[in-house]
Amino acid sequence: MTTASATSSTTTDHPAPNRVKALIVLCVMQLMIILDGTVVTVALPTIQGDLGFSQAGLAWVMNSYLIAFAGLLLLAGRIGDLIGSKRVFLAGLGLFTAASLLCGVATSAEVLIAGRFLQGVGGALASAVILGMIVALFPAPGEQARAMGFYGFTSASGASIGLILGGVITQTVGWHWAFLINVPIGIVSLVLAVRLLTGERGLGLGKGADVLGAVLVTAGLSLGVYTIVQTAEPHAELPRTLVLAAISLLLLACFVLRQARATNPLLSLHIFRNRQVSVSNLVVVLLFAAGFGFQFMTALYLQRVLGYDSLTTGLAFLPAPLMGAVMSLFVAPRLIVRFGGRTMLLAGLTAFLLALLWLSQAPVDGSYVVNVAPVLTVMGIGVGVGIQSAILLAMSGAEPGDAGLASGLNNTAQQAGAAVGTAVLATLAASTTTSRLSEGADGVLALRDGYSAAFIAAAGFVVAALVLTTTLLRTPQK
């Protein structure tokens with residue numbers, strides 16, 4: 001059975017109610033993956049006190065997850081094409097659930113970091129094939145737009161929901177439950193996935209088992225993400241960072257050369273000949289760079305400038321996921337079908353740009369009602385429409401046999417954007433604050449100025465995405 005025939009079988013063998021249930025299972029897994037990227041953010045001070053992390057070591061609670069996740073996405077997507085998406089998804093879901101249990105019962109820093117790394121591996125396996133499975137389940141344009149709307153909600157609002165849950169869980173039942181809550185959800189999802197998802201044989205390992213390519217891209221991506229995230233650590237040195245970046249780029253360059261010459265490449269370079277796929281993924285990188293950086297810097301603004309505690313900070317983000325849900329689930333799918341993905345992507349990016357510029361002007365004594373809630377509402381609108389449109393455009397140009405690869409590529413773009421955006425904006429905010437303090441500015445004012453600079457830089461990412469969409473992205477290819 002070829003991948004194309006497997007895709008057809010997946011669609012026809014599923015009655016409509018079962019396809020919806022399968023979609024819910026896939027999106028629940030994606031939501032857990034995104035939540036675990038942010039849910040621990042507001043719990044980090046408590047985790048540090050309980051497990052004895054150093055200030056530098058505490059960053060590895062986040063970084064170990066991110067490095068494993070981003071480094072393995074492309075490989076996981078290709079494995080899905082070769083041995084079947086269902087097998088890879090079930091393996092990832094099972095490993096993610098077991099790793100969540102390990103994190104929840106951790107009594108030392110070393111065990112928690114190991115658990116987080118394994119969560120990243122499991123998350124990469126499952127997340128890399130989810131988009132391809134959704135496209136196979138819902139091939140018709142209208143129903144695919146609605147399905148992507150549901151998926152878009154998890155991607156657009158998951159990080160904000162994670163901040164809310166992190167604050168609530170930490171101050172009520174303890175940080176361990178930020179991980180343990182995944183266990184029953186994961187078990188139920190695993191049982192349902194076995195029953196609801198149709199299995200397919202895939203292309204076979206002989207069609208693309210490029211071991212050397214897998215080693216090169218995994219090492220290059222992992223080292224690249226590590227290089228980015230370690231720049232925010234106090235002991236980071238520029239010469240060392242440049243050396244690591246050069247090695248990462250060299251590994252990735254070797255990977256590209258390998259793919260151009262390999263008989264069965266891990267990443268067929270022909271996928272980049274499709275302008276829609278290439279440009280859409282670049283837009284995804286920029287959108288996630290701005291989006292995750294926006295949420296990270298906004299959380300710091302609320303806590304360090306306005307003086308909110310972790311619970312209040314989490315609840316303050318509520319307008320973003322609520323509006324994101326309304327747009328992703330009910331409004332955006334209809335608008336995309338009527339006006340097209342490119343038009344709605346431009347609309348979403350414009351709304352997001354407005355939110356960033358608005359928040360960049362927030363004062364030291366800002367009001368939540370005036371300076372924060374409206375911004376998060378507009379942000380929810382923009383991201384709810386923009387992310388869904390960008391992902392749909394990126395996936396719609398891929399051939400059926402490249403569905404897993406395209407899914408892994410898109411998820412890699414998301415994670416790369418999130419890592420780059422957070423690191424760049426955090427570094428800019430810190431340097432601006434330091435500069436303002438040296439000029440004699442008040443501490444809180446200096447912090448606000450740093451966050452404002454970061455918001456303006458994030459707006460620059462969105463402007464770049466608007467330029468790419470306007471000049472290079474055209475009507476989707478049929």
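**From values to terms**

Reader: Why is Ser248 counted as buried?

Author: The relative accessibility of Ser248 is 5%, and buried means under 20% relative accessible area, exposed over 50% and partly exposed in between (1.4 Å probe, protein chains only). Ser248 therefore counts as buried. The model is predicted, so that local features need pLDDT of at least 70 and side-chain atom pairs pLDDT 80 or more, whereas totals for chains, interfaces and linings use all residues. Residues are numbered from 1 along each chain as its sequence is written, and side-chain values use heavy atoms, with hydrogens and water left out.

Reader: Where is Ser248 placed, and which residues is Ser248 in contact with?

Author: Ser248 belongs to helix 12 (residues 238–261); helices are DSSP runs of H or I with at least four residues, strands are runs of E with at least two, and both are numbered from the N terminus. Contact means heavy atoms within 4.5 Å. Once neighbours within four places in sequence are set aside, Ser248 is in contact with Gly220, Leu223 and Gly224.

Reader: What makes Ile381 partly exposed, and how is Ile387 classed?

Author: Ile381 has 31% relative accessibility, so it counts as partly exposed. Ile387 has a relative accessible area of 6% and is therefore buried. Ile381 lies in helix 17 (residues 368–396), and Ile387 is found in helix 17 as well. Not counting residues up to four places away in sequence, Ile381 touches Met323 and Met327. The C-alpha atoms of Ile381 and Met327 are 6.2 Å apart, although 54 residues separate the two in sequence. For Ile387 and Gly152, 235 residues apart along the chain, the C-alpha separation is 6.4 Å.

Reader: How do you know that Lys86 is buried, and what does its side chain approach?

Author: Lys86, at 15% relative accessibility, counts as buried. Lys86 is part of helix 6 (residues 85–104). A polar atom of its side chain lies 3.0 Å from the backbone oxygen of Val194.

Reader: Why is helix 5 called roughly antiparallel to helix 6?

Author: The axes of helix 5 (residues 60–83) and helix 6 cross at roughly 150° and come within 8 Å. Angles under 35 degrees count as roughly parallel, over 145 as roughly antiparallel, 65 to 115 as roughly perpendicular and the rest as oblique. Helix 5 is therefore roughly antiparallel to helix 6. The residues of this contact divide into six nonpolar, two polar and one charged. Among those that meet are Ile79 and Ile83 in helix 5 and Val88 and Phe96 in helix 6.

Reader: What makes helix 15 oblique to helix 16?

Author: Helix 15 (residues 319–339) and helix 16 (residues 341–359) pack at about 130°, with their axes 7 Å apart. That angle makes helix 15 oblique to helix 16. Leu335, Ile336 and Phe339 in helix 15 meet Gly341, Thr343 and Met344 in helix 16. This contact comprises four nonpolar, two polar and no charged residues.

Reader: What do the totals for the protein come to, and what share of its residues is buried?

Author: The protein has 19 helices and zero strands. Of its 478 residues, 58% are buried. Of the contacts with a separation of 6 or more, 85% join residues 24 or more positions apart.

Notes. A polar contact is a pair of N or O atoms within 3.5 Å; within protein, one must be able to donate a hydrogen and the other to accept it, and residues adjacent in sequence count only if both atoms are side-chain atoms. Axes are lines fitted to C-alpha atoms, for helices over the stretch in contact, and angles run from 0 to 180 degrees between N-to-C directions. Ala, Val, Leu, Ile, Met, Phe, Trp, Tyr, Cys and Pro count as nonpolar, Asp, Glu, Lys and Arg as charged, and the others, Gly among them, as polar.
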